[in-house]
Amino acid sequence: MNLRRHIALTRAGIMESLQYRLGTAVTLFANLIYLVLVYFLWRAIYDSAGTDVVNGMTFTDTMIYLILATALFNFLEMFVVWDMSRSIQSGKIILDLLKPMKFRSYTFWSYSGSHVVLFTLTFIPTFIVVMIVTHGAIPMGINLLYFVVATVLALIVNFSMEMIVATICLYTESTWGINIVKETIVLLLSGASIPLAFFPETFRKIVGFLPFRAVYDIPLTILLEKNGSDTLEGLLPMFGLQLAWCIILTVTGVLFWNHSVRKITVNGG
Amino acid sequence: MENAITMKNVCKDFKILNRHEGLKGSIRDLFSRDYKTISAVKDVSLEIKKGEIIGYLGPNGAGKSTTIKMMTGVLEPTSGEIMVNGLVPYKERTKNSERIGVVFGQRSQLWWSLPLIESFKLLRDIYLVPKKDYEDMLELYRSLVDIEPILHKPVRQMSLGQRTLSDILAAFLHNPAIVFLDEPTIGLDVSMKSKIRDLIKGLNQQKGTTVILTTHDMGDVDALCKRIVIIDEGKKIYDNDIEHLKSYFGSYRTLRIRHADDTWEERVIDESKEDVMDVILKKQKEQKIKDIQLQEISTEEVIKKIYEGSSAAKGNSSVVTSDEKKGAAEQ
């Protein structure tokens with residue numbers, strides 16, 4: 001495998017994202033407003049509960065979890081579906097199909113640069129602020145390394161889900177509805193908007209096996225050393241779940257894509 | 001010489017849904033299984049030699065883009081064979097893309113917010129072009145056009161002409177064997193058009209690149225193409241030299257007559273049917289003629305005649321097949 005192509009795409013992606021400084025600043029500002037809302041919402045929930053610990057999480061735990069989830073969301077959020085539908089409508093997709101690389105890999109590496117930029121510009125600052133404000137509520141150790149691994153796996157799972165939805169859009173031509181449904185499901189079931197600890201027992205068990213959890217909940221759980229992720233026995237099932245979904249979704253996505261592209265080449269698009 | 005592209009009896013059908021009118025019809029369409037088949041390309045055979053510049057012409061909706069998409073491997077032919085650089089394009093699309101370059105009308109493959117040079121570097125790495133070849137290519141570009149002013153300009157700030165120029169340069173960057181140019185001069189001013197024609201000609205001569213050019217601008221055809229292929233309603237209706245095109249269809253000449261009141265009258269004369277002198281003499285009997293001009297018919301008018309001729313012939317099914325035309329042209 002020649003990495004020259006992939007590095008070049010990442011590099012261009014970084015340079016492109018850096019062109020949009022204002023966009024990044026606006027994202028940070030929007031997050032701030034969102035987090036103020038989250039703060040008061042959960043303050044009210046904890047006040048009305050009357051106890052300091054709800055579902056095994058203190059108010060501080062919940063806030064740290066949600067703030068980092070938001071930061072992670074900004075960094076993992078992809079626009080494959082939007083971009084793809086636009087490029088299908090404009091016909092630009094032909095130019096991407098005619099690159100001497102597999103379309104999937106071309107797309108993935110085209111986005112990789114913006115992930116690098118967003119990770120550095122949104123996740124790391126948020127992480128540092130949370131770390132300072134909470135005076136060591138986040139454990140500092142080998143968990144950081146595990147977190148990076150888990151985040152890369154989360155990225156792949158997320159990309160695979162995006163690609164599958166984007167492929168569906170090849171058939172439907174309208175993407176708006178499908179994409180909204182997908183985003184809502186991911187945000188709810190991944191633990192990005194409500195920590196999974198707050199879900200009812202049975203529901204939580206089911207969600208625990210779904211791929212959505214692999215995107216936000218697992219990396220955060222590992223970072224915060226919750227649910228026994230500070231031990232190897234606790235850690236392995238989490239990585240196992242992520243890895244399993246990586247493989248399942250990638251294989252499904254590739255097969256689905258190849259089938260669909262073939263169909264397009266037969267019937268025209 | 002070896003063929004760059006060979007097409008044998010290629011057909012392409014599309015299945016499309018029969019749409020019904022009105023709101024009721026739209027609702028019915030949601031559940032409809034009523035498809036009709038449209039033949040976009042019918043039994044086209046074509047051989048293109050290495051290093052040729054081919055003008056691929058036809059009225060709008062004739063099947064030009066469909067043919068090009070099949071050659072690039074984005075579409076699979078319904079029947080028939082296509083070989084491009086010795087590969088079957090739709091089966092090995094990725095491998096085929098390494099050896100072709102494309103410019104599709106007004107869609108740009110350049111990175112919008114980056115300076116042109118960055119797009120070049122990126123394409124260099126994506127196509128795995130050796131550093132030396134890349135430098136040589138840039139050197140060649142410098143000798144053909146003045147690229148310095150645009151090299152460090154972000155693509156989004158470029159004028160349409162500069163962007164088209166850049167896109168053409170980008171398509172040639174990895175020294176492909178074949179370049180497809182789909183209406184490269186659309187919307188450009190006269191001087192930019194001529195710049196782009198010179199560039200295409202220069203690259204074709206220096207690198208021996210085969211160029212397939214679709215255009216509606218006969219100036220492009222006159223400046224670049226020795227051979228043209230005309231397609232209409234999915235069928236190939238002409239495939240020969242541009243000179244033959246003129247001598248066969250071009251027994252037409254335009255006669256301009258200036259009347260006594262200084263107005264010009266224009267008339268296209270088919271020399272196989274009537275004699276120019278006869279027309280002038282007849283006119284002179286009717287009224288006084290102050291001046292005459294005789295013009296050779298332009299390629300544009302010939303092409304117009306062919307397009308009109310082929311659609312007029314549909315009714316009486318007396319369309320001349322390309323072989324007959326070729327035969328007649330060669331006599």
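Mentor: In this predicted model, V190(B), S191(B) and Q205(B) are exposed on one side of helix 8 of chain B, while the buried residues of that helix are K193(B), I196(B), I200(B) and L203(B). Seen down the axis of helix 8 of chain B, these buried residues fall within an arc of 100°, so they line one face of the helix. Their packing partners are helix 7, strand 7 and helix 9 (218-224), which also belong to chain B. As for its length, helix 8 of chain B runs over residues 190-207, and at 1.5 Å a residue its 18 residues should span 26 Å, which agrees with the 26 Å that separates its end C-alpha atoms. After the helix comes G208(B), whose phi is positive, near 65°.

Strand 7 of chain B, one of those packing partners, leads on to the sheet, an open one in which six strands of chain B follow the order 5-6-7-3-8-9 with mixed pairing. At the edges stand strand 5 (100-104) and strand 9 (235-241) of chain B, and because each has a single partner strand, one side of each is left without a neighbour in the sheet. Neighbouring strands of this sheet are turned by 15° against each other on average, if direction is ignored. Within the sheet, strand 7 (residues 210-214) and strand 3 (residues 53-57) of chain B run parallel and are joined by four bridges; in strand 7 of chain B, V211(B) is the bridge partner of I53(B). Helix 7 of chain B packs on this sheet as well, where it touches strand 5 and strand 6 (178-182) of chain B, and its direction makes about 165° with that of strand 5 of chain B.

Helix 7 of chain B, residues 160-172, is in turn among the elements against which the buried residues of helix 4 of chain B pack, the others being helix 5 (131-144) and helix 6 (148-151) of chain B and, from the other chain, helix 1 (4-19) of chain A. Helix 4 of chain B, which covers residues 116-126, is mostly covered, with nine of its 11 residues buried; these include L116(B), F120(B), L122(B), L123(B) and I126(B), but also E118(B), R124(B) and D125(B). Helix 4 of chain B is followed by L128(B), whose phi is positive, near 50°.

Note on methods. Residues are numbered from 1 along each chain as its sequence is written. Chains are lettered from A and ligands numbered from 1 in the order in which they are written. This is a predicted model: local features need pLDDT of at least 70, side-chain atom pairs count only at pLDDT 80 or more; totals for chains, interfaces and linings use all residues. A residue is buried if 20 or more other C-beta atoms lie within 10 Å of its own, exposed if 12 or fewer, and partly exposed in between; C-beta atoms are placed from the backbone. Helices (H or I, at least four residues) and strands (E, at least two) are DSSP runs, numbered from the N terminus. Two residues are in contact if their C-beta atoms, placed from the backbone, lie within 7 Å. Two strands pair if DSSP finds at least two bridges between them. Axes are lines fitted to C-alpha atoms, for helices over the stretch in contact, and angles run from 0 to 180 degrees between N-to-C directions. The expected span of a helix is 1.5 Å times one less than its number of residues. The arc is that of the directions from the helix axis to the C-beta atoms.
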